[in-house]
Amino acid sequence: MIHSMTGFGKAEASTSTQKIVVEIRSINSKQADISLRFPQEIRHIELAARKRVIQKLQRGKIDIFISLEQLHTEPSLQLNSELGQKYWQLLKEFSEETAIPLPTDPMRMVLNMPGVMNTESSTSEKETEDLENITMQAVEEACDKLNEFRLQEGKSLYDGFMKNAKTIAQLLDSVDPYEAERITEIRQRIEEGLSKYVDIEYDRSRLEQEMIYYIEKLDVNEEKNRLRNHIKYFIETLDHEEVGQGRKLGFIAQEMGREINTLGSKSNHATLQQIVVKMKDELEQIKEQVLNVL
(Lines give C-alpha, C1' and ligand atoms only; values in the text may rest on other atoms or scores of the structure.)
Protein backbone atom coordinates (compact mmCIF):
# COMPACT_ATOMS: atom_id res chain seq x y z
CA MET A 1 0.00 0.00 0.00
CA ILE A 2 1.30 3.45 -0.88
CA HIS A 3 2.12 6.02 1.82
CA SER A 4 1.66 9.76 1.65
CA MET A 5 4.57 12.02 2.57
CA THR A 6 2.23 14.20 4.63
CA GLY A 7 1.94 13.27 8.29
CA PHE A 8 2.22 14.16 11.96
CA GLY A 9 3.51 12.21 14.95
CA LYS A 10 3.95 13.04 18.63
CA ALA A 11 5.51 11.13 21.52
CA GLU A 12 6.40 11.82 25.13
CA ALA A 13 8.82 10.18 27.55
CA SER A 14 10.27 11.09 30.93
CA THR A 15 12.87 10.25 33.54
CA SER A 16 12.45 10.91 37.24
CA THR A 17 13.50 14.52 36.76
CA GLN A 18 12.89 15.44 33.09
CA LYS A 19 10.21 15.14 30.42
CA ILE A 20 10.82 14.96 26.66
CA VAL A 21 8.17 15.85 24.05
CA VAL A 22 8.86 15.05 20.37
CA GLU A 23 6.69 16.37 17.53
CA ILE A 24 7.38 15.51 13.87
CA ARG A 25 5.62 16.99 10.84
CA SER A 26 6.28 16.11 7.20
CA ILE A 27 5.16 17.23 3.75
CA ASN A 28 6.24 16.22 0.26
CA SER A 29 9.80 16.75 -0.97
CA LYS A 30 12.01 15.03 -3.56
CA GLN A 31 14.69 14.29 -0.95
CA ALA A 32 14.98 13.98 2.83
CA ASP A 33 14.98 17.61 3.97
CA ILE A 34 15.18 17.54 7.78
CA SER A 35 14.95 20.48 10.16
CA LEU A 36 15.72 19.75 13.83
CA ARG A 37 15.16 21.84 16.94
CA PHE A 38 17.02 20.22 19.82
CA PRO A 39 17.43 21.33 23.45
CA GLN A 40 20.98 22.29 24.29
CA GLU A 41 21.22 19.55 26.95
CA ILE A 42 20.99 16.77 24.32
CA ARG A 43 22.42 18.53 21.28
CA HIS A 44 25.18 15.94 21.07
CA ILE A 45 22.75 13.18 19.95
CA GLU A 46 21.26 15.26 17.11
CA LEU A 47 23.20 13.40 14.41
CA ALA A 48 22.06 10.00 15.70
CA ALA A 49 18.46 11.21 15.82
CA ARG A 50 18.72 12.55 12.26
CA LYS A 51 19.95 9.17 10.98
CA ARG A 52 17.16 7.35 12.78
CA VAL A 53 14.54 9.67 11.27
CA ILE A 54 15.87 9.10 7.73
CA GLN A 55 15.76 5.33 8.28
CA LYS A 56 12.17 5.52 9.48
CA LEU A 57 10.69 8.18 7.18
CA GLN A 58 12.90 7.90 4.04
CA ARG A 59 12.09 11.28 2.48
CA GLY A 60 10.00 14.41 2.70
CA LYS A 61 10.35 17.87 4.20
CA ILE A 62 10.48 16.88 7.87
CA ASP A 63 10.35 19.28 10.82
CA ILE A 64 11.25 17.87 14.24
CA PHE A 65 10.59 19.78 17.46
CA ILE A 66 11.98 18.39 20.72
CA SER A 67 11.28 20.14 24.02
CA LEU A 68 12.74 19.36 27.44
CA GLU A 69 10.88 20.07 30.67
CA GLN A 70 12.36 19.87 34.16
CA LEU A 71 9.99 18.05 36.47
CA HIS A 72 9.41 19.38 39.99
CA THR A 73 11.69 17.58 42.46
CA GLU A 74 12.81 18.33 45.97
CA PRO A 75 16.24 19.99 45.93
CA SER A 76 19.11 18.12 47.51
CA LEU A 77 20.59 20.40 50.23
CA GLN A 78 24.09 20.13 51.67
CA LEU A 79 25.33 21.90 54.81
CA ASN A 80 29.04 22.63 55.16
CA SER A 81 29.15 22.81 58.97
CA GLU A 82 32.96 23.09 59.11
CA LEU A 83 32.90 26.17 56.91
CA GLY A 84 30.04 27.64 58.94
CA GLN A 85 32.05 27.25 62.17
CA LYS A 86 35.00 29.06 60.60
CA TYR A 87 32.74 31.92 59.54
CA TRP A 88 31.36 32.15 63.12
CA GLN A 89 34.82 32.14 64.65
CA LEU A 90 35.94 34.93 62.33
CA LEU A 91 32.82 36.97 63.14
CA LYS A 92 33.48 36.72 66.90
CA GLU A 93 37.13 37.72 66.48
CA PHE A 94 36.11 40.63 64.27
CA SER A 95 33.53 41.75 66.86
CA GLU A 96 36.13 41.70 69.67
CA GLU A 97 38.68 43.65 67.64
CA THR A 98 36.27 46.34 66.43
CA ALA A 99 33.84 46.45 69.36
CA ILE A 100 31.00 45.92 66.86
CA PRO A 101 28.28 43.80 68.48
CA LEU A 102 27.43 40.44 66.98
CA PRO A 103 24.19 40.25 64.98
CA THR A 104 21.00 39.41 66.81
CA ASP A 105 20.42 36.44 64.45
CA PRO A 106 23.90 34.95 63.85
CA MET A 107 22.52 31.63 62.51
CA ARG A 108 20.80 33.32 59.56
CA MET A 109 23.93 35.26 58.79
CA VAL A 110 26.21 32.22 58.85
CA LEU A 111 23.86 30.12 56.72
CA ASN A 112 23.76 32.88 54.09
CA MET A 113 27.54 32.98 53.82
CA PRO A 114 28.93 31.57 50.52
CA GLY A 115 29.40 27.80 50.47
CA VAL A 116 27.67 27.02 53.79
CA MET A 117 24.33 25.88 52.33
CA ASN A 118 24.44 24.35 48.84
CA THR A 119 21.74 23.00 46.53
CA GLU A 120 22.90 20.02 44.47
CA SER A 121 21.73 20.70 40.91
CA SER A 122 24.27 18.85 38.80
CA THR A 123 22.97 16.04 36.60
CA SER A 124 24.54 12.67 37.16
CA GLU A 125 26.05 10.63 34.36
CA LYS A 126 23.28 8.04 34.66
CA GLU A 127 20.58 10.72 34.40
CA THR A 128 22.22 12.07 31.25
CA GLU A 129 22.34 8.59 29.74
CA ASP A 130 18.69 7.96 30.64
CA LEU A 131 17.72 11.25 29.00
CA GLU A 132 19.53 10.30 25.80
CA ASN A 133 17.84 6.88 25.69
CA ILE A 134 14.30 8.14 26.24
CA THR A 135 14.85 10.89 23.65
CA MET A 136 15.77 8.35 20.99
CA GLN A 137 12.82 6.16 22.03
CA ALA A 138 10.46 9.14 21.76
CA VAL A 139 11.87 10.02 18.31
CA GLU A 140 11.23 6.46 17.10
CA GLU A 141 7.70 6.42 18.55
CA ALA A 142 6.89 9.77 16.93
CA CYS A 143 8.19 8.44 13.60
CA ASP A 144 6.02 5.32 13.93
CA LYS A 145 2.93 7.43 14.62
CA LEU A 146 3.75 9.66 11.66
CA ASN A 147 4.03 6.59 9.43
CA GLU A 148 0.60 5.45 10.63
CA PHE A 149 -0.73 8.87 9.62
CA ARG A 150 1.03 8.54 6.25
CA LEU A 151 -0.58 5.15 5.67
CA GLN A 152 -4.07 6.55 6.28
CA GLU A 153 -3.38 9.43 3.89
CA GLY A 154 -1.98 6.91 1.41
CA LYS A 155 -5.27 4.99 1.39
CA SER A 156 -7.08 8.13 0.26
CA LEU A 157 -4.49 8.71 -2.47
CA TYR A 158 -4.79 5.06 -3.53
CA ASP A 159 -8.56 5.33 -3.99
CA GLY A 160 -8.14 8.48 -6.06
CA PHE A 161 -5.43 6.96 -8.26
CA MET A 162 -7.46 3.82 -8.90
CA LYS A 163 -10.46 5.91 -9.92
CA ASN A 164 -8.35 8.05 -12.28
CA ALA A 165 -6.57 5.05 -13.84
CA LYS A 166 -9.78 3.10 -14.41
CA THR A 167 -11.45 6.17 -15.92
CA ILE A 168 -8.56 6.57 -18.39
CA ALA A 169 -8.86 2.86 -19.28
CA GLN A 170 -12.62 3.23 -19.87
CA LEU A 171 -12.05 6.31 -22.03
CA LEU A 172 -9.43 4.38 -24.00
CA ASP A 173 -11.92 1.57 -24.65
CA SER A 174 -14.40 4.13 -25.96
CA VAL A 175 -11.92 5.14 -28.69
CA ASP A 176 -12.37 1.93 -30.75
CA PRO A 177 -15.74 2.67 -32.44
CA TYR A 178 -14.62 6.16 -33.42
CA GLU A 179 -11.28 4.84 -34.63
CA ALA A 180 -12.91 2.73 -37.37
CA GLU A 181 -15.22 5.61 -38.25
CA ARG A 182 -12.28 7.99 -38.45
CA ILE A 183 -10.41 5.89 -41.02
CA THR A 184 -13.51 5.72 -43.26
CA GLU A 185 -14.01 9.48 -42.99
CA ILE A 186 -10.39 10.20 -43.89
CA ARG A 187 -10.59 7.99 -46.98
CA GLN A 188 -13.87 9.58 -48.12
CA ARG A 189 -12.52 13.10 -47.59
CA ILE A 190 -9.43 12.41 -49.68
CA GLU A 191 -11.43 10.81 -52.50
CA GLU A 192 -14.00 13.61 -52.50
CA GLY A 193 -11.24 16.20 -52.62
CA LEU A 194 -9.58 14.51 -55.54
CA SER A 195 -12.81 14.20 -57.53
CA LYS A 196 -13.70 17.81 -56.82
CA TYR A 197 -10.42 19.58 -57.38
CA VAL A 198 -8.35 17.26 -59.61
CA ASP A 199 -9.75 17.11 -63.14
CA ILE A 200 -7.21 14.67 -64.58
CA GLU A 201 -6.75 10.94 -64.81
CA TYR A 202 -4.69 9.43 -62.00
CA ASP A 203 -3.43 6.01 -61.06
CA ARG A 204 -6.01 4.48 -58.71
CA SER A 205 -3.56 1.82 -57.56
CA ARG A 206 -0.95 4.44 -56.65
CA LEU A 207 -3.63 6.47 -54.85
CA GLU A 208 -4.57 3.42 -52.83
CA GLN A 209 -0.97 2.88 -51.83
CA GLU A 210 -0.57 6.51 -50.78
CA MET A 211 -3.78 6.43 -48.74
CA ILE A 212 -2.68 3.27 -46.97
CA TYR A 213 0.64 4.93 -46.15
CA TYR A 214 -1.11 8.07 -44.93
CA ILE A 215 -3.66 6.16 -42.85
CA GLU A 216 -0.91 4.01 -41.32
CA LYS A 217 0.82 7.18 -40.14
CA LEU A 218 -2.43 8.13 -38.37
CA ASP A 219 -2.90 4.66 -36.89
CA VAL A 220 -3.07 4.77 -33.06
CA ASN A 221 -3.19 1.07 -32.22
CA GLU A 222 0.41 1.09 -31.01
CA GLU A 223 -0.26 4.08 -28.74
CA LYS A 224 -3.40 2.45 -27.38
CA ASN A 225 -1.58 -0.78 -26.58
CA ARG A 226 1.27 1.05 -24.84
CA LEU A 227 -1.18 3.17 -22.87
CA ARG A 228 -3.05 0.05 -21.73
CA ASN A 229 0.23 -1.48 -20.59
CA HIS A 230 1.18 1.69 -18.70
CA ILE A 231 -2.19 1.75 -16.93
CA LYS A 232 -1.78 -1.90 -15.96
CA TYR A 233 1.74 -1.27 -14.64
CA PHE A 234 0.54 1.81 -12.74
CA ILE A 235 -2.14 -0.22 -10.94
CA GLU A 236 0.32 -3.05 -10.20
CA THR A 237 2.72 -0.52 -8.67
CA LEU A 238 -0.09 0.91 -6.54
CA ASP A 239 -0.70 -2.57 -5.13
CA HIS A 240 2.99 -3.23 -4.47
CA GLU A 241 3.66 -4.04 -0.82
CA GLU A 242 7.01 -2.22 -0.68
CA VAL A 243 6.87 1.33 0.66
CA GLY A 244 8.40 4.09 -1.48
CA GLN A 245 6.76 3.77 -4.90
CA GLY A 246 6.17 7.49 -5.43
CA ARG A 247 8.98 8.12 -7.92
CA LYS A 248 8.08 5.04 -9.98
CA LEU A 249 4.43 6.11 -10.14
CA GLY A 250 5.57 9.53 -11.31
CA PHE A 251 7.65 8.01 -14.13
CA ILE A 252 4.75 5.80 -15.26
CA ALA A 253 2.41 8.80 -15.27
CA GLN A 254 4.86 10.63 -17.55
CA GLU A 255 4.84 7.70 -20.00
CA MET A 256 1.04 7.63 -19.92
CA GLY A 257 1.07 11.33 -20.78
CA ARG A 258 3.31 10.76 -23.83
CA GLU A 259 0.93 8.16 -25.26
CA ILE A 260 -2.14 10.29 -24.61
CA ASN A 261 -0.50 13.29 -26.30
CA THR A 262 0.44 11.21 -29.35
CA LEU A 263 -3.08 9.80 -29.48
CA GLY A 264 -4.43 13.33 -29.47
CA SER A 265 -2.09 14.54 -32.22
CA LYS A 266 -3.07 11.62 -34.48
CA SER A 267 -6.78 11.61 -33.76
CA ASN A 268 -7.99 14.12 -36.35
CA HIS A 269 -11.54 13.52 -35.11
CA ALA A 270 -13.69 15.81 -32.95
CA THR A 271 -15.07 13.13 -30.62
CA LEU A 272 -11.68 11.49 -30.20
CA GLN A 273 -10.19 14.87 -29.32
CA GLN A 274 -12.81 15.26 -26.61
CA ILE A 275 -11.95 11.81 -25.23
CA VAL A 276 -8.27 12.73 -25.20
CA VAL A 277 -9.02 15.94 -23.27
CA LYS A 278 -10.87 13.90 -20.63
CA MET A 279 -7.91 11.51 -20.39
CA LYS A 280 -5.56 14.44 -19.89
CA ASP A 281 -7.77 15.80 -17.12
CA GLU A 282 -7.67 12.47 -15.26
CA LEU A 283 -3.91 12.19 -15.80
CA GLU A 284 -3.34 15.72 -14.52
CA GLN A 285 -5.06 14.77 -11.27
CA ILE A 286 -2.69 11.79 -10.98
CA LYS A 287 0.38 13.95 -11.61
CA GLU A 288 -0.67 16.49 -8.97
CA GLN A 289 -1.25 13.89 -6.27
CA VAL A 290 1.62 11.55 -7.11
CA LEU A 291 4.00 14.24 -5.82
CA ASN A 292 2.65 13.47 -2.33
CA VAL A 293 3.42 9.75 -2.52
CA LEU A 294 6.42 8.48 -0.57
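A contact means heavy atoms within 4.5 Å. The model is predicted: local features need pLDDT of at least 70, side-chain atom pairs count only at pLDDT 80 or more, and totals for chains, interfaces and linings use all residues. Residues are numbered from 1 along each chain as its sequence is written, and side-chain values use heavy atoms, with hydrogens and water left out.

**Exercise 1.** Locate isoleucine 45 and state whether isoleucine 45 is buried or exposed.

*Solution.* Step 1: helices (H or I, at least four residues) and strands (E, at least two) are DSSP runs, numbered from the N terminus. Step 2: isoleucine 45 lies in the loop that runs between strand E3 (32-37) and helix H1 (46-57). Step 3: buried means under 20% relative accessible area, exposed over 50%, partly exposed in between (1.4 Å probe, protein chains only). Step 4: isoleucine 45 has 9% relative accessibility and therefore counts as buried.

**Exercise 2.** Which residues does isoleucine 45 touch, not counting residues up to four places away in sequence?

*Solution.* Step 1: the partners are Phe38, Glu132, Thr135 and Met136. Step 2: for methionine 136, 91 residues apart from isoleucine 45 along the chain, the C-alpha separation is 8.6 Å.

**Exercise 3.** Describe how E3 and strand E4 (residues 60-70) pair.

*Solution.* Step 1: two strands pair if DSSP finds at least two bridges between them. Step 2: E3 and E4 have six bridges, in the parallel sense. Step 3: alanine 32 has glycine 60 in E4 as its bridge partner.

**Exercise 4.** What share of the 294 residues of the protein counts as buried?

*Solution.* With the cut-off of Exercise 1, the share is 35%. The protein has nine helices and six strands.
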